[in-house]
Amino acid sequence: PTLSMMERVSSMACLLLAFLVLLPACNALDERSILVDIYTSLTGPSWSSQGLWNTGAPHCTWTGVTCGNAVNVSVLSFNSLNVVGSIPPSIVGLRRLEQIVILYNPLLVGPLPAILGNITTLTLIRIWNNGYSGAIPYSWTNLVNLVTFDVSSTPLNTPLPSYFGELVALPKLYSFIVYDCNTGGTIPPFRYSPMLSYLRLSGNNMLGTLPSSIGLLSSLTYLDISYNNLNGSMPIEMANLTSLQSLDGGNNKFDGTLPHFFGNMTSLQFLTLGPSNRFTGTIPASWANMINLE
């Protein structure tokens, strides 16, 4: 009986060892097959550069693919490849994907890929100079680990969605950028955001007033709302932005007197309220408190 037990233990140990040895190889096969599916869905054979994709080379050496270890993909980057098509659902199988970067692919049209909202490991989405249009997907509000959201120079041509407040309030979000996307429309209400430090909404032809809920973003250090058509007075709730270091509200249609409450922003180093705004009156005495202005 003792010998039989030892044999069983030995067999189990051998099986476990075999499993641990084969697991990385199985993972590599899975990740490779997912990348091939992405390559096919994005018409890889017509890319301007193949960069070892779909060859015998290890998938972690393919151009734009970065692995956090020898197997698992952590970064996917499609930069100036003339990509066409759509990202397939299989991308969700990249279980350790943290960053996706899609730059300078003007033929990549249609809606922003909602499937990315199912990859909750993502910490960065960067989409520049592509042909995407339409609303930011609601599914992206699921990205609880997102640190950087950057959609720029992409013709969304659609107003910021009603759930915009949920996006900027993601628990780890540090930087939110929607720049030069011609969204039009108004800025929806903000929600309290514990981490958001950098907010850029410039160059979008947005209308209406700046929501008073901007005051909920108490961690902001950088705010750029320039080159829109925002009007009315700047809300007094901005006085809560005591960590703000840079504010650009230029090239809008703000009016009323210059905000006296800017004097509360003693961390402010850069302030631009330049051309096309319609402020009246004199510079408030409280602005003397902004001792860090350059």
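**Reading aromatic pairs**

Tutor: Both Trp-47 and Phe-78 are buried in this structure, which is a predicted model.

Student: What describes a pair of aromatic rings?

Tutor: In general, a pair of aromatic rings is described by how far apart the centres are and by the angle of the planes.

Student: How many aromatic pairs does the count come to here?

Tutor: The count comes to 15 aromatic pairs. One of them is formed by Trp-47 and Phe-78, whose rings are 6.0 Å apart from centre to centre, with 70° between the planes, and this pair is edge-to-face because planes over 60 degrees apart are given that name.

Student: Where in the chain do Trp-47 and Phe-78 lie?

Tutor: Trp-47 is in the loop between α1 (2–41) and β1 (65–67), whereas Phe-78 is in strand β2 (residues 73–79), and the pair thus links distant parts of the chain, 31 residues apart. Phe-164 and Phe-176 also form an edge-to-face pair, at 5.5 Å centre to centre and 75° between the planes. This pair ties together parts that are twelve residues apart in sequence, because Phe-164 lies in helix α2 (residues 164–168) and Phe-176 in strand β6 (residues 175–179).

Student: Is Phe-164 buried or exposed?

Tutor: Phe-164 counts as buried because its relative accessibility is 0%, and buried means under 20%; Phe-176, at 0% relative accessibility, counts as buried too.

Student: Which residues do ring pairs link into a cluster?

Tutor: The cluster consists of Tyr-39, Trp-47, Trp-53, Trp-62 and Phe-78, linked by ring pairs.

Student: What sits over the ring of Tyr-179?

Tutor: Over that ring sits the charged end of Arg-200, at 3.8 Å from the ring centre.

Notes
Residues are numbered from 1 along each chain as its sequence is written. This is a predicted model: local features need pLDDT of at least 70, side-chain atom pairs count only at pLDDT 80 or more; totals for chains, interfaces and linings use all residues. Side-chain values use heavy atoms; hydrogens and water are left out. Rings of Phe, Tyr and Trp (its six-membered ring) pair if their centres lie within 6.5 Å; planes under 30 degrees apart count as stacked, over 60 as edge-to-face and the rest as tilted. Helices (H or I, at least four residues) and strands (E, at least two) are DSSP runs, numbered from the N terminus. Buried means under 20% relative accessible area, exposed over 50%, partly exposed in between (1.4 Å probe, protein chains only). A charge sits over a ring if NZ of Lys or CZ of Arg is within 6 Å of the ring centre and within 35 degrees of the ring normal.
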